[in-house]
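Please load the model in your viewer and keep the selection panel at hand. The stops below are given in the order in which they may be selected.

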Amino acid sequence: MENGSTKWSFHEEKNNHQQQEEEEEEAPNKATAISIRGVLETLMGNLDPEEYGRPAIPLAHGDPSAFPCFRTTSAAEDAIIDTLKSANYNHYAPAVGLLPARRAVADYLNKDLPYKLTPDHIYLTLGCVQAIEVALAVLARPGGNILLPRPGFPQYETRAASSGLEVRHFDLLPEQGWEVDLEAVEALGDQNTVAMVIINPGNPCGNVYSYEHLKRVAETARKLGIIVIADEVYGHIAFGSTPFVPMGVFGALVPVLTLGSISKRWVVPGWRMGWLVTNDPLDLLRDSGVVESIKNYLNTTTDPVTFIQAAIPKIFENTKEDFFSDILNILRDAADLCYGKIQDIPCISCPQKAEGSMFVMVKLNLSDLEDINDDIDFCLKLAREESTIVLPGVTVGMKNWLRITFAVDPATLEDGLERMKAFCQRHAKKQSILS
Ligand SMILES: *Cc1c(COP(=O)(O)O)cnc(C)c1O
């Protein structure tokens, strides 16, 4: 199918799920050994046993649900209790998800779109992680490649490897608010490129992309004839001056697969409830067989828990705006505190205050440190000496940077940053008295 001057690479070869399954079996497991969970395990194992009694400060993971100030709304808890107690949802759900829940997700997303999604555009998944798996598996084809952000979210690299997709990285530019290096995207894309991924609001950078930048992303993808996969698991978690704009707004310019979940905005990552959405008013994904592949793929996988799916309409309907704004206020204050404190810490610097998500990236200035080899060494010693856990940047694709989460309770955050400061002061190169 021709679309003006645009060549949609996913139109050239019909998607064939059967073929992919064979590919998957044959593809060597190229998944990198690095995973966030694996690195965290190592760091936790490195905590000083002598420090027993001084609680470890977790500034590495993205799950604030343990802190009372991030407890989910009772509206969500009540919705789950009701569907559970009704005994109406003890059955298997359809592979694509329960219809009322799909309708509720469509309505939820339609508030921000210039066209209307229907339940047919919504597929319910086991958290956003399964949506990533489905998206990459159905787009994979022999010789195909995918463009991923650096820094990014390592699930994409892992899933690309297991789907047999070659990974090509484009940089996010720290001095430009972590915007996508679109020139790099253009240079990397070729006729075998199936998609590019953006994560907005950003993990690990805490950036929120403007409408104008997202439009340029859409135009670049259109020029290359590729799909945009928009990871919006932090959708609406934007507390700075840039409002959150869903990529689906540009769905008529370029087909968008939007991935999301209730894990982050409702702070219930353990409920494992997410979605994959085709934002594609021109129906290019249907015509090219991608929609069929998604359905076929979901027929072979396990589904989100039925009574949790069933609770979705009530969760969306009954959650008060106050719940969201309270969380955003806590995160905004935490991001400010984090940025301010980092200014006082020698040897690390932050190019961009977080405006969204739960994370910020900071740069390690190794030349100012006496006895630290790299980001991993920094994090291991910080865990051992200060019982504070931060994530080495190499885990998310940026060596000698650190990812800090500020989504912890404020006292814990302050304590953790004070410990980091003490650590950096202790390890800083001694300044000459003459300098
Ligand atoms: C947390 C996270 C996910 C996974 O979300 P779940 O709903 O918990 O599966 C996906 N993408 C990014 C960028 C995330 O930070």
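Begin with the side chain of asparagine 279, which makes a polar contact with the side chain of threonine 258 at 2.6 Å. This is a predicted model, and the distance is accordingly a value computed from its atoms. Asparagine 279 lies in strand β9, and its relative accessible area of 2% makes it a buried residue, because buried here means under 20%. If you then display what asparagine 279 touches, leaving out residues up to four places away in sequence, the selection includes Leu113, Tyr115 and Leu117, as well as Gly248, Gly251, Val254, Pro255, Val256 and Thr258.

Next, select lysine 264, which is found in the loop between β8 (256–261) and β9 (274–279). The unreviewed UniProt entry carries the annotation "modified residue: N6-(pyridoxal phosphate)lysine" for Lys264. Is this lysine 264 buried or exposed? Lysine 264 is buried, with a relative accessible area of 15%. Setting aside residues up to four places away in sequence, the residues that lysine 264 touches are Gly62, Val233, Tyr234, Ile237 and Met358.

Move on to helix α3, residues 36–45, and colour Ile36, Val39, Leu40 and Leu43, which are buried. Why do these residues share a side of α3? They cover an arc of only 100° around the axis, and therefore lie on the same side of the helix. On the other side of α3 you will find Arg37, Glu41 and Gly45, which are exposed. To see what covers the buried residues of α3, show, among other elements, α14 (375–386), β12 (388–389), β13 (391–392) and β14 (401–405).

Finally, colour the chain by pLDDT: the mean over the protein chain is 91, and 90% of its residues reach 70 or more. Over residues 1–8 the pLDDT is below 50, although this stretch has 20 contacts in the model beyond near neighbours in sequence. Residues 10–31 also have a pLDDT below 50, and that stretch has 42 contacts in the model, again beyond near neighbours in sequence.

Key. Residues numbered from 1 in each chain as written. Predicted model: local features only at pLDDT ≥ 70, side-chain atom pairs only at ≥ 80, totals over all residues. Heavy atoms only, no water. Buried < 20%, exposed > 50% of the residue type's maximum accessible area, 1.4 Å probe, protein only. Helix = DSSP H or I, 4+ residues; strand = E, 2+ residues; numbered from the N terminus. Arc of directions from axis to C-beta. Contact = heavy atoms within 4.5 Å. UniProt positions renumbered as here; feature names shortened; annotations may be inferred. pLDDT = per-residue confidence, 0-100. Polar contact = N/O pair within 3.5 Å; in protein donor to acceptor, adjacent residues only side chain to side chain.
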